[in-house]
Amino acid sequence: MEILAATLAWLADPAHWQGPDGIPIRFVEHGSISVIAVVVAGAVALPIGLWTGHTGRGSLLAVNAANIGRAVPSYAVLVMVLPISLQLSPSYGLDVIPTFVAMTLLAIPPILVNTDAGLREVDRDLVEAARGMGMSERQVLGRVEIPLALPVIVGGIRTAAVQVIATATLGAVVAYGGFGRYIIDGIARNDDERLLAGVLLVAGFAILTELGFAALQRALVSPGLRRGGSGSPFQEPAEMTRATGG
Amino acid sequence: MTGRPLVDWGWVVGHLDDIALATLQHLGIAALAVGAGFAVSFGLALWSVRDRRVYGPITAISGILYTIPSLALFAVLVPFTGLSVVTVEIPLVAYTLLILVRNIVAGFDAVPADVLEAANGMGYTRGQRLLQVELPLAIPLIIAGLRLASVSTIGLVTVGSLIGDAFGGLGVLIKDGIAAFFPTKIYVGAALSVALAFGADIAFIRLQRALTPWARARISGR
């Protein structure tokens, strides 16, 4: 318990809240790469998932490709990108590019799989009824399928975001910043307080993100479908798996 | 680094025994973690099936464990358990729990009620029914859980190398490759880790086919 008190003292020390190695800067680094990676992954995965889920075509291919992607650990992606990106861009190749590529590839599968599954789980009778009412395909997608599938789609983004925040810690291995810096530096310098402070910061960040998305997901259930609340905040969406390498 | 090939095959050929040793260690660490995780999860799942009230808390706690970054969880144990195999195994086992408990419970839940009733009617005891009726029918979902758990565990073993060289498997090759700016080691370590993950996945698919011969008639996409 001595070490815990020392860690809390480290966290409370004003010196650790300023400068380029301060907690606010590390938080911004960690958060920004995570947000950018999830947004880019969403820009890639959402259109594909909406198309395969709506048309029912290419679902198997998309989901299998996503599952193969999941077998490749982020740590492996990170280090495999490194030698190539260093040659392409000496200024960003060491830290930003490998972290960004690995995090984006990590975020694509859960968003793609959940978007596709969410749309396919929408009751076919409802879709037929919407078509019968004269809705165009675009209207069926926008007014029926997406609202009904929204909690599952957001569930995919939630899985992606939490996994990315957890895994972005590894960016510190290739000299990126973020909270992982404290962990890697703590190990290197035999500084247990720094190490444990990093652990608490990144775990707290991941858990708060998880809880935030869980609340958002509950709020997004279409009002017509809302029943009594059920399930724990850690109940996960369909077809979820841990980041291989997070 | 320009001008040097990304993979120096001469090095690979000269270090085949080191590579084989790292691969075996990698596999051993992952197998121990999945084995131990399965034993713990099976116990927790059976408890959940018998008493539904414990299922929520069990998945909530394993869900919190699951959210903690692997590097953080490895690192947090070092001051307590030192650089031992235990430090590597505890997080790996912890991460398998959520996937395995959920899949095992789902597997038992998927057994149709009339099958259970038929078994009761035939005079099976509770233990016999569990082993001879419920377990075989739950195998597809249990193995689906084992596939996910083994693929993710094999990937995570590489991260363990950041804590220390002793128990990092192929991750040690990767780490040395980064430290020495020698891409060959990075690619060999990463590629073999991915290959092990695929190999484990395929092995479990084969195992499932062998254990559920009655399902062979209806082959569907995975």
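The following paragraphs lead through a predicted model of two chains, A and B, from the fold of chain B to the contact between the chains and some individual residues.

Residues are numbered from 1 along each chain as its sequence is written, and chains are lettered from A, and ligands numbered from 1, in the order in which they are written. Because the model is predicted, local features need pLDDT of at least 70 and side-chain atom pairs count only at pLDDT 80 or more, while totals for chains, interfaces and linings use all residues.

Chain B contains nine helices and zero strands, where helices (H or I, at least four residues) and strands (E, at least two) are DSSP runs numbered from the N terminus. Along the sequence, the pattern of chain B reads α-α-α-α-α-α-α-α-α. The C-alpha trace of chain B spans about 75 × 45 × 25 Å along its principal axes. Of its 222 residues, 43% count as buried; a residue is buried if 20 or more other C-beta atoms lie within 10 Å of its own, exposed if 12 or fewer, and partly exposed in between, with C-beta atoms placed from the backbone. Two residues are in contact if their C-beta atoms, placed from the backbone, lie within 7 Å. Among contacts in chain B between residues at least 6 apart in sequence, 71% join residues at least 24 apart.

Two helix pairs illustrate the packing within chain B. Helix α4 (residues 70–81) of chain B packs on helix α5 (residues 85–109) of chain B at an angle of about 140°, with the axes 9 Å apart. This angle makes α4(B) oblique to α5(B). Axes are lines fitted to C-alpha atoms, for helices over the stretch in contact, and angles run from 0 to 180 degrees between N-to-C directions. Angles under 35 degrees count as roughly parallel, over 145 as roughly antiparallel, 65 to 115 as roughly perpendicular and the rest as oblique. The crossing of α4(B) and α5(B) is right-handed; a crossing is called right-handed if the near helix is turned clockwise from the far one by less than a right angle, and left-handed if anticlockwise. On the α4(B) side the contact is made by B:S70, B:L73, B:F74, B:L77, B:V78 and B:T81, and on the α5(B) side by B:V86, B:T87, B:V88, B:I90, B:P91 and B:A94. By class, the contact of α4(B) with α5(B) has nine nonpolar, three polar and no charged residues. Here Ala, Val, Leu, Ile, Met, Phe, Trp, Tyr, Cys and Pro count as nonpolar, Asp, Glu, Lys and Arg as charged, and the others, Gly among them, as polar.

In the second pair, the axes of helix α2 (residues 16–50) of chain B and helix α9 (residues 183–211) of chain B come within 11 Å and cross at roughly 40°. These two helices, α2(B) and α9(B), are therefore oblique to each other, and their crossing is right-handed. Residues B:I19, B:T23, B:H26 and B:L27 of α2(B) meet B:V188, B:L192, B:S193 and B:L196 of α9(B). The contact of α2(B) with α9(B) divides into five nonpolar, three polar and no charged residues.

Between the chains, 38 residues of chain A are in contact with 41 residues of chain B. On the chain A side, two or more residues each come from α3 (59–71), α4 (74–88), α7 (137–167), α8 (180–188) and α9 (192–219). Helix α9(A) gives the largest share, nine residues. The chain A side comprises 26 nonpolar, nine polar and three charged residues.

A nonpolar core is a set of buried Ala, Val, Leu, Ile, Met, Phe, Trp, Tyr and Cys residues joined through C-beta atoms within 7 Å. The largest such core has 128 residues, of which A:L78, A:V79, A:A107, A:V164, A:I183, B:A72 and B:A75 touch the most other members. The largest share of this core, 15 residues, comes from α7(A). Leaving aside residues up to four places away in sequence, B:A72 touches A:T169, A:I183, A:V199, A:V202 and A:A203.

Some individual residues complete the description. B:L156, in helix α7 (residues 126–160) of chain B, is buried, with 31 other C-beta atoms within 10 Å. B:G82 lies in the loop between α4 and α5 of chain B and is exposed, with 10 other C-beta atoms within 10 Å. The C-alpha atoms of B:G82 and B:I163 are 9.7 Å apart, although the two residues are 81 apart in sequence. Most residues other than glycine have a negative phi. A:N190, in the loop between α8 and α9 of chain A, has a positive phi near 55°.
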